[in-house]
Each structure stands twice: as C-alpha cells, then as structure tokens.
Amino acid sequence: MKRKYFLNLLISVFLFSSLNAFALTPKPVITAFKPASVIQGSENQQVIIRGRGFIEGLTVSFKNDGITVNSAEVLSASRIKATITVSSTAKTGYVKVVIILPDTRKAVSKKFLVKKKPSEQPITFKIKNNETTLSWDSKGFAFARIDFVQGNKSIAKIVENSSLLTLSKELIYNFNTETWETDYTQFQDFVAGENLQINLSLSNSRNTDYQNIGSITAKALIHRFDTIESSQISLTSSFPDQVNKGGKINLSGKALADFRADVSIKLPSKFVENVRMTTSGTIKDEYFGPKLPKGSDFTLSYNFQDEGVYIIEINGYAGSASLNRPVYVGAGIPIVPLDNYFPKFDGSFDLATFRQEWLALINEERESVGLNAVTLDPILNKAGQGHTNDMKANNYFGHINPQGEGPQQRAEAEGIPEGGVVGENLSWGNSVLGMHVGLEESPAHEANILNPKWSRVGLGITLTDDGMLIGAQEFGAYPGDMPLAVDTFEDNGIILDNSLPTSYSKNETVLISGTVTKPGNRVVMFFIDESNPDNRIKFYADITDGKFTASVEFTSDQVGNYNVGMVIDSGQSYIYPIIVKKLAMPKLFPVRVY
C-alpha cells in the first residue's frame with residue numbers, strides 16, 4: 001500500500017513538473033521581422049525576429065531552397081538575431097519562417113519577403129530642373145564615351161574625368177546656323193516615342209582603346225520648355241521633374257501676383273484638365289473666371305494616371321504663364337528638342353499664305369484627337385488682324401486693349417451674329433510654326449485650340465519692326481453652326497443617341513434621346529436666353545432603364561439666341577450657343593425627274 005502511494009506520488013510530481021514547465025514557457029509566436037525583406041544575392045544579412053516565447057536551443061528555418069541560416073542567437077524571450085545568406089537565384093515572394101522549440105512546439109510566419117535583385121544598369125539617368133543627367137561607374141578610367149543610337153542615327157559624347165553627363169537647357173547662339181540652340185538641339189533628327197539605345201565605353205585614351213561596358217534602352221521623349229516667373233510666384237515645395245505612373249504631385253507656394261485659380265494640366269492625350277487650387281484665402285469670380293488674389297497661399301494636388309509627358313501651367317490672371325513645367329511620367333528619357341523646330345523668319349511676309357499655314361496646323365492638332373476642323377471666318381479674321389495691328393501700334397500685348405475691350409467685344413464690333421461666342425489665343429514668335437507650337441505647349445491655350453464647340457477661326461498676324469510676328473487666334477461658334485457631338489455632355493453622365501441640333505425652328509418638335517451613365521431620376525435640358533440670362537427654358541425627360549427621351553419645342557415668343565446645357569437632376573454644365581429661328585425649313589417632297 002505504501003509502495004503504490006509512493007509511485008503515485010512520483011507520477012504526480014513528474015506530471016506537475018512537466019505541466020509547470022509548459023506553463024512557464026508560453027507558446028512561441030512570431031510578430032515581426034526587421035528588415036521585413038531581403039533581396040536576392042544578400043550575404044550574411046542580419047534579421048531580427050520579434051515575438052515571444054523564445055528560449056535557448058530553438059532552431060530557425062526559412063522555407064526557401066535559396067536561403068541558408070548561418071546562425072541564430074536568442075537575444076531574449078522576444079528577440080532572435082538570425083544571420084542568413086540569400087542566393088542570387090532564390091525564389092522571390094513571401095517565405096514561410098519556422099521556429100521550433102526544444103519541446104517541438106513551433107511558430108510559423110509568412111510575412112518575410114524575398115525581393116528580386118535589381119538589374120545592374122551600366123548607365124542611369126535622372127531629370128532635375130528639366131535637365132537630363134546620365135551617370136555611370138567610371139571604374140578608374142579617365143574617359144567615357146556615350147553613344148546615343150536610334151536606327152541609323154548616332155551621336156557620340158566624350159566625357160573626361162567625370163562620371164556625369166548633363167544635357168543643358170541653356171540657350172547658346174550658333175553663329176553658323178544663326179539660331180539659338182541647347183544641348184538637345186543635336187538630337188533634332190531623333191524621333192520621339194521610339195526607343196533609343198545608350199551605350200557606355202571607357203578608356204584611358206581620348207581617341208582609342210575604348211572598352212564596351214554595356215548599354216540601356218529607353219523611349220525617347222520630347223524635351224519640353226519650362227518657365228517660372230520668380231517675380232510672380234514663390235514655391236514652398238519642390239517641383240517633381242519625373243514620377244512613376246500613379247505618382248502624385250503636392251505643390252504649394254504663394255501668389256506674388258493675381259492668378260487664375262484653375263491650374264491647366266495638359267495630358268499625354270493632348271487634352272487639358274483644369275484643377276482648382278486650394279487656398280486659405282478667398283477665390284473671387286471675376287472677368288476671366290475664378291481669381292486667386294495676390295498674396296494668397298495655394299496648394300495643388302494631382303495624380304498622374306498615364307505614362308508620358310504632362311505640362312502643368314499656373315497662369316497670371318491676364319493669361320500669361322507664371323509657371324509652365326513638364327512632368328515626365330514613366331521611364332522615358334527627354335532628349336528630342338522642341339527648341340529647333342522653328343525656322344527663322346526670312347522677312348517675306350505674306351498674310352494669306354501665313355493664315356493658310358496656321359489654319360492647317362490648327363486643324364492638324366484638332367483632327368489628331370478626333371475633333372472637327374475649323375474654317376476661316378472673314379469677320380473673325382478682321383477682328384484678329386485689327387487686334388494684332390493695334391498691339392504693334394500701341395506697344396502692348398494682351399487680351400484687353402487700351403479702350404478696355406476684350407475679344408468678345410471686338411468681334412461683336414466687327415459684326416459677328418448675335419449669340420456668337422469667341423475665344424482668343426495670343427502668341428508671338430519668329431515663324432507661324434513657332435507661334436503655334438508655343439500655344440500647344442501652354443495647356444491653357446491648347447485647351448482653347450481643342451475646344452470641341454469651335455467651328456470657325458479668324459487669324460491676325462502682324463510683323464513687328466524687329467522682325468517678329470504677333471499672332472491672334474479668334475476661335476468662334478455661331479448659333480446653328482454645327483450639331484454638338486454625342487459625347488458633348490459625357491462628363492455629366494449623358495451620352496446622346498444622335499448629334500444635338502444647334503438650330504431650331506418655332507413650333508417644331510425635336511426629340512432628343514440618349515443614355516445616362518450616372519444615377520438620377522430625370523435629364524434636364526436647359527436653354528439660357530442670351531439677351532436675358534435670367535430667362536431659362538427647361539425641358540425634362542424621365543430616366544427609365546438608363547434611357548431618356550426629351551421632347552423640345554419652342555413657341556413663337558421664344559425665337560432668339562440661347563446657350564444650351566444638359567444635366568441629370570441638377571448641377572453644372574458647359575453651355576453651347578444655339579439659335580431658335582422664326583421659320584422652319586421647308587419640307588422636301590419627292591420629285592420625279594424625266
């Protein structure tokens with residue numbers, strides 16, 4: 001009896017001791033790694049494993065054939081220092097890490113990451129202050145030869161005792177060509193949008209014995225203009241020259257002059273997006289639209305969704321650019337020049353020829369994005385020519401003349417039809433092409449060129465005494481000119497089934513139908529009277545299964561000029577000129593021809 005009791009006591013003591021040991025050592029848990037990732041090819045990389053329940057005698061393993069654990073030291077119950085070597089061919093991705101205690105209990109984590117080893121590029125490039133800089137490892141050689149190759153075109157640059165090559169944007173006068181040039185001018189025969197190869201060779205002799213080190217391939221981009229008027233704008237944040245797709249700009253500063261509150265951003269697609277700046281001050285709505293007063297702080301935030309070149313422009317309230325800077329999005333290299341595209345004016349002035357040249361450039365730009373061509377209008381020609389002549393005669397450059405008249409008033413004085421609207425671009429340069437490209441490079445002016453509502457244009461061109469050209473583009477839309485495209489109100493969630501008429505007749509019913517892409521109960525089509533903006537005629541159409549049909553009919557007392565807009569339920573809309581005429585078009589009857 002005593003022996004049995006003693007044996008039971010021993011068993012109980014043993015079980016109690018064992019259970020107590022488990023109770024004193026909690027189950028191991030892994031909570032974090034520092035660093036949380038390594039790259040292929042890392043040797044003797046220290047990794048701190050954090051958690052709890054770690055004791056001496058444990059083992060650490062990384063479940064990846066390319067990872068070797070050189071050592072594992074328990075620093076405390078919550079920290080382990082592991083030293084690992086990762087082969088250059090180790091499988092990338094998240095790795096299972098397992099810790100096993102002497103009593104076989106274990107902890108598992110899948111939060112440790114193996115990253116792909118970055119490829120070693122013989123040449124890298126970056127963009128700073130809108131200048132492209134290439135860098136490389138000189139490996140102790142005195143000379144580097146950089147060859148830029150695209151197809152059968154090749155340009156070589158030799159650099160001595162340096163591992164950097166910066167292509168400068170500084171203008172230098174070339175007496176041989178009688179033009180101002182930059183370092184980018186030499187690449188004028190390269191094609192933007194196509195790849196180029198950049199080769200690196202090193203030597204200790206300037207002319208011989210170059211050893212080929214390697215090359216990179218990148219897409220050639222156009223090197224854009226940039227300007228910042230320090231007397232008008234003060235930036236308190238850095239301006240990013242190059243960002244990745246999906247990257248963001250957060251630009252802040254102070255207005256040292258009156259600004260237009262909407263920043264114009266030209267997209268890689270050529271279209272322009274207007275983004276409102278934020279400010280702690282007050283934005284006022286005045287003649288040219290929302291105004292950010294002098295002395296105001298401002299912030300601009302924008303996400304770059306596509307690869308290519310964006311142009312960001314902050315304009316003074318009168319229209320000139322206070323800041324115009326490109327942002328290169330993606331991996332392209334800006335190298336093809338824009339500054340040598342303009343032939344020098346040769347002194348042979350032919351207004352009719354210049355107008356036709358400029359009209360062709362305008363329509364080439366519009367048609368490249370699917371817009372209608374515009375036609376030359378004699379009234380708008382007269383308005384534009386009168387303004388460029390006046391600017392020369394009175395030594396000024398601006399949309400408002402000394403009499404306080406703007407482009408709309410000048411066009412009305414020349415006799416445009418009632419209800420016609422006008423938008424003006426002004427430029428100067430040493431050629432028609434130079435004036436036009438200057439406008440294309442300004443997002444605010446490009447937006448005017450690519451405005452879908454324009455149907456006609458007038459062009460004024462005047463030669464100054466110093467051999468420069470002053471140009472005016474007077475874009476116009478007259479009531480009834482042309483129907484509006486089916487996607488005119490797409491931003492408001494409305495897609496029309498057919499083009500929208502801009503000419504109506506009294507007592508004539510017109511059915512307007514389409515599809516909506518945004519939620520709502522009804523489509524509102526409104527017409528604002530040109531002579532009395534408070535007079536608004538509205539037509540409503542209920543939305544059923546994403547479709548609508550509006551019945552539009554004007555009465556005899558509603559003849560006149562209007563601006564039309566469309567919204568779902570309520571909100572803002574761009575408006576376009578239309579006309580309601582007294583007489584309907586005569587009906588056509590079939591006639592038999594003998």
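A residue counts as buried when its relative accessible area is under 20%, as exposed when that area is over 50%, and as partly exposed in between, with a 1.4 Å probe and protein chains only. The model discussed here is predicted, so that local features need pLDDT of at least 70 and side-chain atom pairs count only at pLDDT 80 or more, while totals for chains, interfaces and linings use all residues. Residues are numbered from 1 along each chain as its sequence is written, and side-chain values use heavy atoms, with hydrogens and water left out.

The account turns to salt bridges. A salt bridge is taken as a side-chain nitrogen of Lys or Arg within 4 Å of a carboxyl oxygen of Asp or Glu, and by this rule the count comes to 18. One of them joins the side chains of R145 and D147, with an N to O distance of 2.9 Å. Within this pair, R145 is partly exposed at a relative accessible area of 31%, whereas D147 counts as buried at 10%.

K291 takes part in a salt bridge with D258 (3.7 Å, N to O). D258 lies in the loop between β21 (248–255) and β22 (259–260), and K291 lies in strand β26 (residues 289–292), so the pair ties together parts that are 33 residues apart in sequence. Strands here are DSSP runs of E with at least two residues, and helices are runs of H or I with at least four, numbered from the N terminus. The side chain of K291 also meets that of E286 in a salt bridge of 3.0 Å, N to O.

The axes of α3 (residues 378–394) and α4 (residues 407–414) come within 9 Å and cross at roughly 125°. Axes are lines fitted to C-alpha atoms, for helices over the stretch in contact, and angles run from 0 to 180 degrees between N-to-C directions. Angles under 35 degrees count as roughly parallel, over 145 as roughly antiparallel, 65 to 115 as roughly perpendicular and the rest as oblique; α3 and α4 are therefore oblique to each other. In contact (heavy atoms within 4.5 Å), I379, L380, K382, A383 and H387 of α3 meet R410, A411 and E414 of α4.
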